[in-house]
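Here are my notes for you on this one. Have the viewer open while you read.

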Amino acid sequence: MTDAVVLDDITKRFPGVVANDAVDLTVETGSVHALLGENGAGKSTLMNVLYGLYQPEGGTIELDGEVREFDAPRDAIDAGIGMIHQHFMLVPPMTVGENVVLGNEPTKWGGLATDRSRAREAVRELSERYGFAVDPDERVEEISVGERQRVEILKALYRGADLLILDEPTAVLTPQEVEELFDVFEELTAEGKTVLFITHKLGEAMTVADDITVLRDGENVGTVDADGTDREQLAEMMVGREVVLDIETESVETGGTVLDVDELTVTEEGTDQVRNVDFEIREGEILGVAGVDGNGQAELVEALTGLRSPDEGTVTLDGENLAGVSRRGHIERGMAYVPEDRQERGLVMDFDLTENGVLGGQHTPPVGGTRIDWPSAREHASDVIETYDVRPPDPEAGAKSLSGGNQQKFLVGRELERDPGMVVATHPTRGVDVGSTEFVHDRLLALRESGVAVLLISANLAEVRGLSDRLAVMHDGEFVDVVDPETVTEEELGLLMAGERPDEPTTAESVSADGGER
């Protein structure tokens with residue numbers, strides 16, 4: 001088999017950091033190749049070098065046997081490389097067909113107008129060739145997340161991509177959509193295409209990849225045959241130590257009600273984003289919420305954390321109605337919050353870590369009050385950095401200089417170390433490596449054991465099932481069911497996440513939303 005890509009001695013430096021240190025990588029034509037590594041290991045940097053976003057200080061890129069230099073992504077695209085980013089680059093009001101041909105539209109009348117008929121036909125032919133169930137005339141804003149991902153893949157194929165790079169491609173997909181994506185990989189490789197993808201999920205790498213390369217501290221520590229390895233070996237290669245991968249929980253006796261939500265409704269532009277949601281969480285309990293992103297989870301969290309007022313219903317914390325209480329008031333009452341979007345809601349990207357560590361605590365001792373105690377603030381930031389293994393370990397480092405995973409670790413550490421009585425955690429390990437994920441899970445379970453109530457919202461089904469005492473499934477703004485995470489199957493969860501309501505109790509015996517002992 002020939003090689004689609006050979007990266008030889010790729011070195012890429014940023015101020016004070018060697019992101020890629022003489023990295024070698026060989027990817028065979030027609031294969032699926034997974035790239036694993038801790039946050040800051042250099043995976044995204046290496047792929048951005050291959051895609052022309054970064055230019056390396058050393059090394060060569062060989063594509064189909066020819067040494068190439070890419071000064072910009074346009075050069076890589078012209079050479080047959082397509083990259084599908086984790087956050088899709090689509091225009092929601094436009095149709096599928098318009099998005100696919102955007103920037104490369106077929107024209108008529110001497111180039112004076114777009115030939116929409118030819119565009120639709122080209123997209124339809126590509127869809128049928130690769131088994132993609134997408135309608136070129138449907139608007140992107142009206143299709144599912146999985147369909148949007150297929151549109152991104154179609155965009156790359158329309159531009160002639162033979163090598164597809166995907167960054168965390170399953171992060172926001174349901175189990176059924178993940179299976180459909182893996183089917184797409186098979187169709188692509190059967191046509192001679194090559195797939196190279198970044199993932200933090202060991203199981204999916206072993207399931208779909210032919211070969212797996214692991215990076216650690218900017219270096220390639222090895223490439224293994226996916227059929228000849230296991231999760232434990234991969235995790236140890238990534239982290240450099242043995243990692244406990246299975247979430248182990250112990251029964252905890254729950255106490256009184258901490259959070260009580262009654263008939264909560266949130267409306268936006270005349271549409272109910274959250275409808276009549278009822279639940280409560282007790283001391284020493286984790287209530288998980290599973291669901292495809294965009295089904296009301298964000299609006300629910302905003303109403304619970306003081307970022308918006310609900311249109312109907314009540315939110316009660318430790319017996320106090322939170323109507324009219326500000327976000328600052330929620331913090332002062334002991335509610336910690338890990339937001340979904342770390343860059344928009346969690347951190348100020350132009351601040352350093354010391355300044356970011358103060359956020360939310362600037363009004364209370366020991367860091368804040370009438371004035372900020374900066375020596376204490378730096379010490380606090382250093383403690384979070386050390387405890388949560390944030391890299392680089394520098395409280396003066398700017399937030400925007402960190403990788404996404406290290407930004408997430410600092411944010412989670414800041415919130416969980418507030419000594420909260422209630423934690424609202426949305427996707428707390430999104431983009432975080434296996435070693436740090438293990439630590440965050442242990443910290444959440446320790447908080448639970450100490451009597452803290454936790455609302456956990458996560459698209460990672462293994463995480464939300466493993467940590468939760470009860471599991472609510474959210475679709476179209478409603479809790480369609482609350483199930484026992486120990487007995488519900490992944491298939492049943494996928495159906496519930498797609499909005500299929502149980503007509504009768506499932507094999508995962510439904511449990512009351514009022515809580516109890518696990």
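1. Helices (H or I, at least four residues) and strands (E, at least two) are DSSP runs, numbered from the N terminus. With that in hand, find G369: it lies in the loop between α12 (353–358) and α13 (374–387).

2. Stay with G369 for a moment. Its relative accessible area is 30%, so G369 is partly exposed (buried is under 20%, exposed over 50%, partly exposed in between, using a 1.4 Å probe and protein chains only). Beyond its neighbours within four places in sequence, G369 is in contact with Q362, H363 and T364, where contact means heavy atoms within 4.5 Å.

3. Some ground rules. This is a predicted model, where local features need pLDDT of at least 70, side-chain atom pairs count only at 80 or more, and totals for chains, interfaces and linings use all residues. Residues are numbered from 1 along each chain as its sequence is written, and side-chain values use heavy atoms, leaving out hydrogens and water.

4. How confident is the predictor? The chain averages a pLDDT of 90 (the scale for each residue runs from 0 to 100), and 96% of the residues score at least 70. Look out for residues 504–512, though, where pLDDT stays under 50.

5. Now zoom out. The chain has 17 helices and 22 strands. Its C-alpha trace spans about 65 × 55 × 50 Å along the principal axes.

6. What share of the 518 residues is buried? It's 51%. As for contacts between residues at least 6 apart in sequence, 67% join residues at least 24 apart.

How values were computed. pLDDT = per-residue confidence, 0-100.
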